Amino acid sequence: MGPEEHAALTAAKARLDRLSFYPRPVALRRTVRILSVPWLFRLPWFSRFDGYTMWDLILLRAPLAQASDDLICHELCHVWQMQHRPLAMPLSYLYRGYASNPYELEARRATASTAGPSGGPG
Ligand SMILES: [Zn+2]
């Protein structure tokens, strides 16, 4: 893992560690990686997203240097969810859809509630 990737993941984890959505904090294990794959986001299903997470793998449309802290925090929240609900979380997108999916709303809440230069409300 490169230093830029490590820094982005560590910063996002520090935000998520202030939340208690799940019994254990998100684990930045060896398999948690960020990859920039612009071609993927040209495919129909992916074209609406700037980031997409599959278990421990965070896929970005743009190079990491251009990704916002909020985007990495949002996607790492999905890693956290999948570390606790490895089947239920991804399957939920099949029967709950995207927009009102509870895991999606939770990831948005995680990002919004930890945003801001002073660290947000905590
Ligand atoms: Zn999401």
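This text leads through the helix packing and the strand pairing of the structure, and then turns to one residue of the sheet. The structure is a predicted model, in which local features need pLDDT of at least 70 and side-chain atom pairs count only at pLDDT 80 or more, while totals for chains, interfaces and linings use all residues. Residues are numbered from 1 along each chain as its sequence is written.

Two packed helices are described by the angle between their axes and the distance between the axes. Helices here are DSSP runs of H or I with at least four residues, strands are runs of E with at least two, and both are numbered from the N terminus. Axes are lines fitted to C-alpha atoms, for helices over the stretch in contact, and angles run from 0 to 180 degrees between N-to-C directions.

The axes of helix α1 (residues 3-16) and helix α2 come within 9 Å and cross at roughly 70°. That makes α1 roughly perpendicular to α2, a term for angles of 65 to 115 degrees, whereas those under 35 count as roughly parallel, those over 145 as roughly antiparallel and the rest as oblique. On the α1 side the contact is made by A8, L9, A11, A12, K13, R15 and L16, and on the α2 side by D69, I72, C73, L76, C77 and W80, where contact means that C-beta atoms, placed from the backbone, lie within 7 Å.

Helix α2 (residues 69-84) also packs against helix α4 (residues 102-113), at an angle of about 135° and with the axes 9 Å apart. The two helices are therefore oblique to each other. Here α2 contributes D70, C73, H74, C77, H78 and Q81, and α4 contributes Y103, E106, A107, R108, A110 and T111.

Turning to the strands, pairing requires that DSSP finds at least two bridges between them. Strand β3 (residues 57-60) pairs with strand β1 (residues 33-36) in the parallel sense over four bridges, and L35 has L59 of β3 as its bridge partner. With strand β2 (residues 51-54), β3 pairs in the antiparallel sense, again over four bridges. β2 and β3 form a hairpin with two residues between them, and W55 in the turn has a positive phi of about 50°.

L60 lies in β3, and G51 stands opposite L60. L60 counts as buried because 24 C-beta neighbours lie inside 10 Å; the cut-off for buried is 20 or more other C-beta atoms within 10 Å, with 12 or fewer for exposed and partly exposed in between. Leaving aside neighbours within four places in sequence, L60 is in contact with I34, S36, G51 and A67.

Definitions and conventions
Contact = placed C-beta atoms within 7 Å.
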